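Please keep the model open while reading.

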Amino acid sequence: MSADAQPILRLALPSPLRRLFDYRAPPGVPIARLQPGMRLRVPFGHREVIGVLIEMANHSEVPADKLKAALELLDARPPLPPTLFRLCLWTAQYYQHSLGDTLSWALPVLLRQGEPAEARVERVWHLAAGASLEDPRLARAPRQREALRVIAQHPHGVPQPLLAKLGLNKDSLELLRDKGLVHIEVRRHAQTPRPSHWLAQPELPLNAEQRQAFEAVRGGFGRFGAFLLAGVTGSGKTEVYLQLIREALEAGRQALVLIPEINLGPQTLERFARRFNARIALLHSAIGDRERLDAWLAARDGEADIVIGTRSALFTPLQRPGLIIVDEEHDASYKQQEGLRYHARDLAVVRAQQEQVPIVLGSATPSLESLHNAHSGRYALLRLERRAGGAQPPRYLRLDVKSRPLDSGISAPLQQAIAQTLAAGQQVLVFLNRRGFAPTLLCHDCGWVSGCQRCDARMTLHQRSNELRCHHCGHVERRPNNCPQCDQVDLRPLGAGTERAEERLAILFPDYPVLRIDRDSTARKGAMDKLFATIGKGQPCILVGTQMLAKGHHFPRVTLVAILDADGGLFSADFRASERMAQLIVQVAGRAGRAEEPGRVIIQSHLADHPLLVQLTEQGYFAFAEQALAERRAAGLPPFAHLALLRAEAHKPNQAELFLDEACSLAEGLLAEQGLSGIELLGPVPAPMERRAGRYRAQLLLQANARAPLHRLLGQLLPRLEALPAGRTVRWSLDVDPVDLY
C-alpha cells in the first residue's frame, strides 16, 4: 500500500534479519534534515532500538496505518564519514551479513546505545590577564584570594573535575569570575594542540633494504597501493612503519595501525609515544566504553594523529586518512569468529582502496593468500632479508626425541642447553602451545580420561587452582580425588602444559626465575607489564609460554628458544595446519638472537626428519610457502579457490545435519536453475568437534573456482534458508572465506 504523504525512512536495525525496516520520520523533524547514516531511536516490538538510516523511499509494503514513526533523531550529522559508511555496506554484502548488525559492529557500544556522537567538552578555569593577589577587592575575601593563588599556580588552567582535589570552592571561583580575575575556557575533552615537531627522538638509520621499502611506499602516498613487507624477524619492519608514519604526519595525514593482540598494544603505544610528539589513540576491547568512544571521536574529528588497535579498530573513522599498516598480517586473530565474520586484513585493503591511501601488510611469515596476491601483481612485494643492526639469524637444531626419556616434556640435551645459556648470563624462551598443567587426567587402573560433559573434548588439568577446565566451552570442575569410573585413586596427569613445564623448570634451575606467559598468568590487569619489566632487566631467566610470546616481542637477551613439541601441526584434517605451524615455529624462533649474541633454536620432535621441518629449518619459510602454494594449486584449495562454510548447531543429534540437508538441496536447485558452474557442495558432515558446549554441530562447505558465482548463489540461498521452518530449531551462520574449518 502506498504511503505517499511523506518519504518513508528505510532503517537498518541491530537484528540478524537481512532486511531494512520502514518508519515515518519523527514528529517535528523536517525531512531535509535527514541524511543516510544518521541514527534514529525507533520502536521495535516491545522495545526501543537504535537504527541507522540507509535510504528514503516513496512507497512501503507496510500499510500506512500500521507504519510507525521513529521516536527521535539522534544526530546532527552522520557519525560515520561517507567512505566508512560505504565500507559497511560493502562488508554486509560481501560477508552476506545483516546490514544493521554490520553497522553495530562498526559503531562503539555507547553510540549503539544512543549516546551523542560528539566529543565531550570540559570547562577549564584560567587566571585572567592582569589579575593580582594584591587586588583590593580580595582584602576581605581570604577564600577567594586562596582560590586565585591556586589557579595562578596552573598556567595551563584547572579542568572542572580537578577543582575538588585542589580544594577549590566553585562559589569562590564564580565570585572571582564576576570580578574579572578568572575566566573559563570551554574546550573539547582531551583536546591537545597539534605539535610543531613530530619527532620526539631521532630516527634510526635505515639499511639499504629498509630504505628501498620505505621509498617504495612513500612514492605511493596520495593514492591506493598495497605493499607486502615480508621481512625476517628482527629485520626492522617497525622502523620502516615509524618512518612512513612520520611522512604521513608531516603531510597532515593520519595513520591507522592494526595489531593482532591486545597484549601488544601497550608496548606498541609506548614505542610510538617515545618516537612521536603525536596524539595517539589506542583502541581494543580491554578499554572502557567511554574511553573507546572518546578515542573514536578524536580520530573521526582529526584530533588523534595515530590510531593503534586490534581488528575492530579497522572501523575507526579518520578525518584525514593517509596510511594504513597491518602488522603480523598473517595472524588468524584478524578474523572475527562470531557474529560478523569479517577479516580485518582483507577489509583494510578494501578500505585503503576506497580512501585512496597506501596500505602496508607486514610479516616475517606472510599468509599464503598475501603471497599469492603479491605473485599475481595485486600487491607489491618488499623483502627484508637481513636482520637490522647486523644481528645474525638463529641457528636451528632439530632434536629427535624418539625413545628419549622426557622430563615434563623436556629432554636431557635440552636441559643441558638451557643450563649453558643461563650460565652465560643469557635468557631462554621455552615454547609450548598448551595452557594448564596437563592436557588430560588419566586413571591408571581403568583408563578413564577427564572428558568434558558438554564437548567432545578432554578437560585440561590446571594444578594451581586444582581444577579441570574445558578450553572449548569454559566448563570448570574440581579435580576428583578418586576415579569417577572405578573409584581408584591413581589419577595421573598425561602430557605437559605450560604450568607443568614451569614447575619442572623451577625445580631443575632453582637459581633462576621462571616466568610463565599465557592467558592464565596474564589475566590480571598489569600482570603482562610486570612480567615484561622483569624480562627487560636482562638478568638470566627462563620464559615459558604459549603463542602469546611469538608475536612481535623484542627480547634482546634471549639467545635460546626451545620448542618442546613441534609435531602438532604435521597431521591435521585442516589444510591450513602446516602453514600455521610453519608460521608459529618461525615467529617463535625469531625471538632468539635479536641483539649482539647469536641465537639458537632447538626443536624437539618425534619426526625430526619430516620433510616440512627439514625444509623449514634448512631453506626457510619462503621455500616452504612456495611448495605449499604449489600443493594448494594442485588440490584446488585457497588461495586458488574460494570457500564459504555454512555452520549449524542444535540441542538434539542430527537436527543440524537435517537442516543442512535442506540447505544443500536448495543450493543444488539454485545451481541448476541459475546455470552456475564451478561450485562444489561438500557435505553436510559433522563438525570436527561434533558436540561443543552442549550443542551438536554440522557444516556444509561451498567451494568455488571464482568468487562471483559463489556470491551470486549465497545471495539467493540465504533468504530461502531464513524462511525454512527447520531454521527456527537450529542456530546457523555463514562464514565467507573461513580460516578455520573447526
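## Glu649 and its contacts

Contact here means heavy atoms within 4.5 Å. The model is a predicted one. On that cut-off, Glu649 touches Ala656, Arg695, Tyr696, Arg697, Val730 and Arg731, with residues up to four places away in sequence not counted.

Glu649 lies in strand S27, which covers residues 642-650. Its relative accessibility is 18%, so Glu649 counts as buried.

## Packing of H18 and H19

Two packed helices are described by the angle between their axes and by the distance between those axes. Helix H18 spans residues 655-674 and helix H19 spans residues 707-723. They pack at an angle of about 135°, and their axes are 10 Å apart. Angles over 145 degrees would count as roughly antiparallel, and 65 to 115 as roughly perpendicular. H18 and H19 are therefore oblique to each other. Their crossing is right-handed.

On the H18 side, the contact is made by Phe659, Ala663, Leu666, Ala667, Leu670, Leu671, Glu673 and Gln674. H19 brings Arg712, Leu713, Gln716, Leu717, Arg720 and Leu721. By class, the contact has 9 nonpolar, 2 polar and 3 charged residues.

## Salt bridges

How many salt bridges does a search of the whole structure find? The search finds 42. One of them joins the side chains of Glu115 and Arg290, at 2.8 Å from N to O. This pair links distant parts of the chain, 175 residues apart. Glu115 sits in the loop between helix H3 (109-112) and strand S6 (121-127). Arg290 belongs to helix H9 (residues 289-300). Glu115 has a relative accessible area of 28%, so it is partly exposed. Arg290, at 30% relative accessibility, also counts as partly exposed.

Arg345 forms a salt bridge with Asp346, and their closest N and O atoms are 3.0 Å apart. Buried or partly exposed: which is Arg345? At 5% relative accessibility, Arg345 counts as buried. Asp346 is partly exposed, with a relative accessible area of 26%. For the salt bridge of Asp518 with Arg516, the closest N and O atoms are 3.0 Å apart. Asp518 is buried, and Arg516 is buried too. There is also a network of salt bridges, which links Glu203, Arg211, Glu215, Arg218, Arg246, Glu247 and Glu250.

## Ala255

Ala255 is placed in strand S10 (residues 254-258). At 1% relative accessibility, Ala255 counts as buried. Which residues is Ala255 in contact with, leaving aside neighbours within four places in sequence? They are Ile245, Asp305, Ile306, Val307 and Leu323.

Asp518 returns here as a reference point. Ala255 and Asp518 are 263 residues apart in sequence. In space, 31 Å separates them, C-alpha to C-alpha.

## Pro413

Pro413 is in helix H12, residues 412-423. Its relative accessibility is 28%, so Pro413 counts as partly exposed. Pro413 touches Leu399 and Arg404, not counting residues up to four places away in sequence. Leu399 is 14 residues from Pro413 along the chain, and their C-alpha atoms are separated by 8.5 Å.

Terms used:
Residues numbered from 1 in each chain as written. Predicted model: local features only at pLDDT ≥ 70, side-chain atom pairs only at ≥ 80, totals over all residues. Heavy atoms only, no water. Axes fitted to C-alpha atoms, helices over the stretch in contact; angles between N-to-C directions. Helix = DSSP H or I, 4+ residues; strand = E, 2+ residues; numbered from the N terminus. Parallel < 35°, antiparallel > 145°, perpendicular 65-115°, else oblique. Left-handed = near helix turned anticlockwise from the far one by under 90°. Nonpolar A, V, L, I, M, F, W, Y, C, P; charged D, E, K, R; others polar. Salt bridge = Lys/Arg side-chain N within 4 Å of Asp/Glu carboxyl O. Buried < 20%, exposed > 50% of the residue type's maximum accessible area, 1.4 Å probe, protein only.
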